[in-house]
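Could you walk me through the main features of this model? A short tour with the cut-offs spelled out would be welcome.

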Amino acid sequence: MNLVKLAKQQIQDVVQNALKSCIDKGIFELDSIPDIMIEKPKEKSHGDFATNIAMELTRKLKKNPREIANRIFNAIDLSNTFIEKVEVAGPGFINFFFKKDWLYKVVDVILSESDDYGKVNIGNGKKVMVEFVSANPTGPMHMGNARGGALGDCLANLLKWAGYNVTKEFYVNDAGNQIEKFGQSLEIRYRQLKGENIVLPEDCYHGEDIIERVKEYLDEYGDDLANLSSDERRKKLVEFALKRNILLMKEHLRKYGIEYDVWFHESSLYESGEVFETIEDLKSRGYTYEKDGALWFAASKIDETLKDEVLIRANGIPTYFAADIAYHRNKFEKRGFDIVIDIWGADHHGHVARMKAAMKALGIDPEKLIVILMQLVRLVRGKEVVRMSKRTGKAITLIDLIDEIGKDAARFMFNTKSADTHIEIDLDLVTQQTLDNPVFYVQYAHARTCGIIRALSEEGIVLDKSKIKVELLQQEEELELLKKLLELPEEIEIAARNLDVSRVTKYLLDLASMFHAFYNACRVKNENEELMFTRLSLVECVRIVINNMLRLLGVDAPEKM
């Protein structure tokens with residue numbers, strides 16, 4: 001149950017009724033009642049919610065907003081609501097103060113809904129695909145993939161909490177030029193290992209992992225490549241190395257807490273003929289032309305500011321862009337997703353408008369394709385920028401990061417800021433067992449709730465709902481905690497609408513802070529029985545909420561620390 005939504009609905013109803021009353025009595029002359037905007041005031045003294053409807057009506061009614069607000073105030077009927085009082089403030093704001101009964105209701109709601117508390121249904125089962133990481137399978141995953149993994153996986157979880165039918169997908173780029181280059185790199189390394197004095201060209205893959213894959217092949221199959229042609233040798237090495245790399249990516253992502261529903265291979269688009277089928281579709285709709293022996297997509301026919309792009313090179317080989325259009329067409333037309341969300345690096349900025357144009361050219365609503373561009377990651381240790389792994393002495397990869405700070409710290413920290421902002425992670429800070437470490441701070445709050453529950457349980461005291469007297473919760477720390485708990489479903493709804501998981505981490509940090517304040521101010525044990533059981537219920541509510549949100553983030557909720 002979303003108690004914030006319930007409160008806002010009650011405000012809508014009483015203000016609408018007041019306006020109707022004023023219209024019926026001839027106090028206001030209005031053809032219709034406008035939308036009533038309700039906000040949470042920044043100052044606690046201004047109540048739980050406020051509306052600026054009086055200011056919105058100033059022009060229509062040709063009256064002073066303060067006078068309009070007073071007229072509405074005088075007509076408001078608070079019967080059968082949780083609203084305790086209303087006041088007119090400042091130039092014409094109307095502030096609403098809610099009864100404590102409204103806050104108290106959240107205890108019963110959380111205890112009843114338990115693991116489901118916080119779930120909302122704004123998605124109504126719409127099919128959404130979140131495609132993220134989709135790292136090049138020719139080498140190890142880098143820091144950008146680490147951020148993309150945390151953002152994508154948590155966003156997909158958030159959308160599930162918001163009622164969407166979500167599929168998590170990894171697009172394996174196992175076709176095209178990069179695979180040609182991959183094969184060339186593997187073969188040259190093979191020949192070098194066999195004693196040939198041959199130079200690896202600058203534009204090939206130079207990572208140590210290429211040599212490792214070739215050595216692994218030789219260990220497993222011996223030298224069965226010696227008498228093969230160059231093409232056959234490359235084919236065998238690519239098949240072996242790609243399979244090994246993809247298995248390794250799956251293993252590392254699993255260690256990161258990510259399990260995909262679908263691993264979609266680019267090569268399957270060629271095998272099924274969808275790449276050429278898509279190009280033919282664009283041709284038939286008049287969005288292609290030939291120039292210099294190549295076939296071009298006329299993006300400028302959709303938007304004259306866009307540059308046209310090659311679909312088929314002069315040598316007859318389709319470009320990566322052509323395959324990518326076919327892939328997105330497959331998502332919408334073949335698999336019927338209502339919304340597709342891609343998480344890309346900021347360097348793909350120019351690709352977004354062209355892909356949307358391609359969708360429009362194919363008759364697909366481009367607004368259904370949402371691309372989240374993520375900014376760069378900077379790792380520091382204290383004040384020093386860190387670029388190399390302590391373990392390997394090479395550029396830090398996703399698995400290096402997990403090994404050093406753990407999946408929990410990585411997943412949490414990458415979601416403390418929205419994707420469109422740069423992020424800096426202090427490797428020393430996030431491994432500290434102190435309250436300065438945001439991840440530890442939240443996990444410790446959860447462990448504290450468990451510690452209180454466990455200590456009482458060891459004395460034979462377990463939560464008994466019949467002994468809860470919520471009206472005993474009167475201290476400011478208790479009321480603030482109740483208010484925060486009550487906000488969760490609304491936070492989930494706003495976060496899902498904005499595709500912004502950072503609202504969840506901010507919420508958790510605030511809730512942990514309020515719980516630590518409660519812990520320092522209020523005893524649970526050694527109070528009279530009714531107050532003890534009531535505070536125990538509040539502790540249990542905090543435990544449930546922190547556990548639910550850490551679960552959404554894919555972060556462990558330890559019971560002891």
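## The 'HIGH' region

In this predicted model, residues 135-145 are 27% helix and 0% strand, and their end C-alpha atoms lie 7 Å apart. UniProt, in an unreviewed entry, gives this span the annotation "short sequence motif: 'HIGH' region". UniProt positions follow the numbering used here, feature names are shortened, and annotations may be inferred rather than shown by experiment. Helices (H or I, at least four residues) and strands (E, at least two) are DSSP runs numbered from the N terminus.

## Ground rules

Residues are numbered from 1 along each chain as its sequence is written, and side-chain values use heavy atoms, with hydrogens and water left out.

## The chain overall

The chain holds 19 helices and 15 strands. Along the principal axes, its C-alpha atoms fill a box of roughly 90 × 65 × 40 Å. Of the 561 residues, 52% are buried (under 20% relative accessible area, with exposed meaning over 50% and partly exposed in between, for a 1.4 Å probe and protein chains only). Take the contacts (heavy atoms within 4.5 Å) between residues at least 6 apart in sequence: 72% of them join residues at least 24 apart.

The unreviewed UniProt entry lists residues 9-98 as "domain: Arginyl tRNA synthetase N-terminal". This span is 39% helix and 20% strand, and its end C-alpha atoms are 13 Å apart. For residues 442-561, the unreviewed UniProt listing reads "domain: DALR anticodon binding". Here the content is 70% helix and 0% strand, with the end C-alpha atoms 11 Å apart.

Helix α1 (residues 3-24) includes Asp-13. Asp-13 has 34% relative accessibility, so it counts as partly exposed.

Axes are lines fitted to C-alpha atoms, for helices over the stretch in contact, and angles run from 0 to 180 degrees between N-to-C directions. Val-15, Ala-18, Leu-19, Ser-21 and Cys-22 of α1 meet Arg-71, Ile-72 and Ala-75 of α4. By class, that contact has six nonpolar, one polar and one charged residues. Nonpolar covers Ala, Val, Leu, Ile, Met, Phe, Trp, Tyr, Cys and Pro, charged covers Asp, Glu, Lys and Arg, and the others, Gly among them, are polar.

## Two further helix pairs

The axes of helix α14 (residues 398-414) and helix α15 (residues 438-458) come within 9 Å and cross at roughly 105°, which means that α14 is roughly perpendicular to α15. Asp-408, Ala-409, Phe-412 and Met-413 of α14 make the contact with Pro-438, Val-439, Val-442 and Gln-443 of α15.

Helix α5 (residues 100-113) and helix α19 (residues 529-553) have axes that come within 10 Å and cross at roughly 55°, so α5 and α19 are oblique to each other. On the α5 side, the contact is made by Val-107, Ile-110 and Leu-111, and on the α19 side by Ser-537, Glu-540, Cys-541, Ile-544 and Val-545. Six nonpolar, one polar and one charged residues make up this contact of α5 with α19.

Key: This is a predicted model: local features need pLDDT of at least 70, side-chain atom pairs count only at pLDDT 80 or more; totals for chains, interfaces and linings use all residues. Angles under 35 degrees count as roughly parallel, over 145 as roughly antiparallel, 65 to 115 as roughly perpendicular and the rest as oblique.
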